[in-house]
Amino acid sequence: MLVSETQVDVRYGETDQMGVVYHANYIVWMELGRTQLIEELGFKYADMEEAGILSPVTDIQASYKKPVRYPETATVKTWIEKYDGIRVTYGYEVYNAAGELSLTGFSSHVCVKAENFRPISIRKKFPDWHEAYEKNKKNEA
């Protein structure tokens with residue numbers, strides 16, 4: 001299982017009056033982690049979009065544990081939690097500068113045709129992505 005690590009420097013504008021990262025910014029960081037993971041697998045979302053395919057979020061979950069504060073550097077760990085050839089669920093953990101777990105989360109996605117939002121089979125449309133996801137997804141116990 002591949003676990004990608006992305007470093008995020010907390011910007012002042014991402015925090016509230018207490019200097020704590022505002023909750024919605026973690027969702028943006030999850031996207032940064034997901035994009036990094038895909039690039040580490042050798043792919044780019046832009047290539048999929050050029051082929052007329054989009055990957056909307058169908059579900060997102062976040063559980064906040066400890067704050068990340070300005071001006072820390074957060075670490076976002078991202079992996080493929082589940083994959084079935086059509087749907088993908090990514091897993092996330094965010095750590096603060098002290099190495100404490102700050103967030104756990106998941107986002108689920110399905111690939112669709114841009115013109116009509118009908119789901120497609122990643123297995124059929126993007127066999128290279130399919131192979132990489134199968135090889136690198138979390139092993140089910």
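**A charge over a ring, and the core around it**

In this predicted model, the charged end of R34 sits over the ring of Y90, 6.0 Å from the ring centre.

Y90 belongs to an aromatic cluster. Ring pairs link Y90 with F43, Y83, F126, W129 and Y133. Across the whole structure, a search finds eight aromatic pairs. One of them stands on Y12 and Y70. Y12 lies in the loop between β1 and α1, while Y70 lies in the loop between β3 (57–64) and β4, so the pair ties together parts that are 58 residues apart in sequence. How accessible are the two partners, Y12 and Y70? Y12 counts as exposed, because its relative accessibility is 60% and the threshold is over 50%. Y70, at 41%, counts as partly exposed.

Now the interior. In soluble globular proteins, nonpolar side chains tend to be buried together. Here the largest nonpolar core has 30 residues. Those with the most contacts inside this core are W29, V68, I80, Y90, V94, W129 and Y133. Which elements give two or more residues to the core? They are α1, α2, β4, β5 and α4. The largest share comes from α1, with five residues.

Helix α4 spans residues 127–136. Its buried residues are W129, H130, A132, Y133 and N136. An α-helix has 3.6 residues a turn, so residues three or four places apart point the same way. What covers the buried residues of α4? The cover includes α1 (23–40), α2 (45–50), β4 (73–83), β5 (87–95) and α3 (122–125).

Beyond its neighbours within four places in sequence, Y133 is in contact with I38, L41, I80, Y83, V88 and Y90. Y133 is also one of the residues with the most contacts inside the core, and a member of the aromatic cluster.

The last stop is L2, in the segment before β1 (4–9). N136 is one of the buried residues of α4. L41 is also a contact of Y133. The C-alpha atoms of L2 and E93 are separated by 14 Å, and the two residues are 91 residues apart along the chain.

Terms used. Residues numbered from 1 in each chain as written. Predicted model: local features only at pLDDT ≥ 70, side-chain atom pairs only at ≥ 80, totals over all residues. Heavy atoms only, no water. Helix = DSSP H or I, 4+ residues; strand = E, 2+ residues; numbered from the N terminus. Buried < 20%, exposed > 50% of the residue type's maximum accessible area, 1.4 Å probe, protein only. Contact = heavy atoms within 4.5 Å. Phe/Tyr/Trp six-rings, centres within 6.5 Å; stacked < 30°, edge-to-face > 60°. Lys NZ or Arg CZ within 6 Å of the ring centre and 35° of its normal. Core = buried A, V, L, I, M, F, W, Y, C linked by side-chain atoms within 4.5 Å.
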